[in-house]
Amino acid sequence: MSKPSKRPMQKKEAKEFEEEVIEISRVTRVVKGGRRLRFRATVVIGDKKGTVGYGIGKAAEVQQAIQKAVSKARKRLLKVPTYNGTIPHQIQVKFKASVVFMKPASEGTGIIAGGAMRQILGLSGIKNILAKSLGSTNRINTAKATYKALTLMRERKDMEMDKIKVERTEGKERGTPEVRRVSKKYAKDMAYADKKMARPAQQSAQQPAEQVKPDRAPNNPK
């Protein structure tokens, strides 16, 4: 008997975003015929490079609820400004009964937070932060309050974002030239100087080369 041929192993494609489940709960809906049982999944996704989002999905099965939550989270992605691995400023936000407080931290501190806050901050790419949940311990409201706080983060003009630093270092490794911003007057002066330097080279190329006459021998005296 011939042995069945082994199928080649397929390599798994790298996911664009990492997924973490915050909460899975069973919810009940009362209808005319009785109670309708479903599952509710709260999921947060992020690439750990400054992009994060969350979603809530409901379905009759857990896996379907997670898939719905992930698809909703992709529609609610947020760019988080980070500076030296932390947030630009401290902030306190209230969402319903949940209150969250966030404060920048020095390098090496880590993520000092718990519950849903730690999951969202970790997937957003923040490495050092001091955070505390001051209000209700409801995981969904805490996640929404954390997301709201990240949307209110303001960029700092006096510092360079971590994302721009990474893009510049990657560009240098690939050998791409660094783009330098200059004023219009400076660019005009540089263009005029280049044209002025190119004129002598063009004139010398247009002039015909001088013919060198051979030396004549002196006439012999008779």
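Predicted model: local features only at pLDDT ≥ 70, side-chain atom pairs only at ≥ 80, totals over all residues.
The largest nonpolar core comprises 29 residues. Within this core, the residues with the most contacts are Val 52, Met 102, Ile 120, Leu 121, Ile 126, Ile 129 and Leu 150. Both strands and helices contribute: β3 (51-59), β5 (91-95), β6 (98-104), α2 (116-124), β8 (129-133) and α3 (139-151) each provide at least two of the core residues. Helix α3 gives the largest share, with 6 residues. A further core of 10 residues lies apart from this one, and its members include Ala 41, Val 43, Ala 65 and Ile 66.

Setting aside residues up to four places away in sequence, Ile 126 touches Val 80, Thr 82, Gly 85, Thr 86, Ile 87, Ile 111, Leu 121 and Leu 150. Two of these partners, Leu 121 and Leu 150, are themselves listed among the core residues with the most contacts.

Ile 111 leads on to the sheet. In general, the strands of a sheet pair through backbone hydrogen bonds, in either a parallel or an antiparallel sense. Here, 4 strands make up an open sheet with mixed pairing, arranged in the order β5-β6-β8-β7. The pairing of β7 with β8 is parallel and runs over 2 bridges; Ile 111 has Ile 129 of β8 as its bridge partner.

Thr 86, another of the residues touched by Ile 126, sits in the loop between β4 (78-79) and β5. Beyond its neighbours within four places in sequence, Thr 86 is in contact with Pro 81, Pro 104, Ala 105, Ile 126, Asn 128 and Ile 129. The C-alpha atoms of Thr 86 and Lys 103 are 8.7 Å apart in space, with the two residues 17 apart in sequence.

Finally, the surface carries a nonpolar patch formed by Val 21, Ile 24 and Val 62, which together have about 200 Å² of accessible area. Of these, Ile 24 belongs to strand β1 (residues 18-31). Ile 24 is classed as partly exposed because its relative accessibility is 41%, a value between the 20% and 50% limits.

Key: Residues numbered from 1 in each chain as written. Heavy atoms only, no water. Patch = residues over 30% accessible without salt bridge, like charges linked within 9 Å, V, L, I, M, F, W, Y side chains within 5 Å. Areas by Shrake-Rupley, 256 points an atom, 1.4 Å probe, with all protein chains shown as cover. Salt bridge = Lys/Arg side-chain N within 4 Å of Asp/Glu carboxyl O. Buried < 20%, exposed > 50% of the residue type's maximum accessible area, 1.4 Å probe, protein only. Core = buried A, V, L, I, M, F, W, Y, C linked by side-chain atoms within 4.5 Å. Contact = heavy atoms within 4.5 Å. Pairing = 2+ DSSP bridges.
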